[in-house]
Amino acid sequence: MDIQKEKTNQFTNIKNIIAVMSGKGGVGKSSVTSLMGVTLKNKGYKVGILDADITGPSIPKIFGVNKKRAVGMGNEILPVETTTGIKIMSINLLVDQEDAPVVWRGPLVANMVKQFYTDVLWGDLDYLLIDLPPGTGDVPLTIMQSFEIDGIVIVSTPQDLAKLIVTKSMNMAKMMNVPILGVIENMSYFQCPECNKRHNVFGSSNIEDMIKAMDVSLIGRIPIDPELVGLCDEGKIELYEKINFAFGEEFGMQIENI
Ligand code: ADP
């Protein structure tokens, strides 16, 4: 089935697709994608998360569904549902062993990700969030070419922001004519619970200069929070309440309560 730039097919009706991108791994892209999903679900929207990070899939674990398996229905696959009803599709929900490495070449991986869209029974969704693999490789390219993406969110850390790699991701989105909703600076600072002072653990970032130069907006800063790590490790991200994303008209997006 080829559905170039289509969001609706006989099994799926998706209103908005947002992809989450980062220059490199480990900056909190999957955690931020998951937090966005939790916020949207709490606001009453129907949400799906497509884990396109095939070689480093972490969405099922963050939601505690990594022991579940997606089941087939004829030629299609049903996504797995989390405790609060977020629909998830990930390579880890298909393989027998969740720690088995995926040793496929780029084009094969990109094709698999495409099938996560075309062959999964997503049903009606208000938002499909796509957790892209880090960088600007085959998968982000295929997704930007073949899905009608409404916006890209870039996740970065203060150290990473200084590097060209983040700018590269933004330039890729611009080249592909996909709107950039903005940048989230994750692990931005640590707020001491005792003295309440903010510490810039990774030094201060150049984010203001960077967003100006790239003409994009700052969605917000997320602090380093051990509670977030703990809940992600335990598969209980749906219990995290400290961060709320506000999604405004035309996808204006802000972090509300930080
Ligand atoms: P990526 O998807 O970019 O590879 P992850 O979302 O998997 O990154 O996060 C990498 C690690 O950093 C995880 O252990 C996660 O729990 C942790 N992490 C992410 N965001 C934060 C944060 N704001 N504070 C503390 N730890 C974080």
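Two strands are said to pair if DSSP finds at least two bridges between them. Strands here are DSSP runs of type E with at least two residues, helices are runs of type H or I with at least four residues, and both are numbered from the N terminus.

Good morning, colleagues. The structure before you is a predicted model, in which local features need pLDDT of at least 70, side-chain atom pairs count only at pLDDT 80 or more, and totals for chains, interfaces and linings use all residues. Residues are numbered from 1 along each chain as its sequence is written.

I begin with the strands. Leucine 50 stands opposite isoleucine 130 in strand 7. Strand 2, residues 47-51, pairs with strand 7 in the parallel sense, over five bridges. Strand 7, residues 123-131, also pairs with strand 1, residues 12-22, again in the parallel sense and over eight bridges. In that pairing, isoleucine 14 stands opposite leucine 125 of strand 7.

I turn now to the ligand. Which residues are closest to the ligand? They are Gly28, Lys29, Ser30, Ser31 and Val229, from a shell of 17 residues; a residue counts as near a molecule if its C-beta atom, placed from the backbone, lies within 6 Å of it. Helix 1 (29-42) and helix 8 (226-234) are the elements that give two or more residues to this shell. By class, the shell holds seven nonpolar, eight polar and two charged residues. Nonpolar covers Ala, Val, Leu, Ile, Met, Phe, Trp, Tyr, Cys and Pro; charged covers Asp, Glu, Lys and Arg; the others, Gly among them, are polar.

A residue is buried if 20 or more other C-beta atoms lie within 10 Å of its own, exposed if 12 or fewer, and partly exposed in between, with C-beta atoms placed from the backbone. Because 12 of its 14 residues are buried, helix 1 is largely enclosed by the rest of the structure. The buried residues include Lys29, Ser30 and Ser31. Just after helix 1, glycine 44 takes a positive phi of about 100°.

Finally, two residues other than glycine also have positive phi. Asparagine 177, with phi near 60°, is found in the loop between helix 6 (164-175) and strand 9 (180-185). Methionine 187, with phi of about 55°, is found in the loop between strand 9 and strand 10 (190-191). Is each buried or exposed? Asparagine 177 is exposed, with 8 other C-beta atoms within 10 Å, whereas methionine 187 is buried, with 23.
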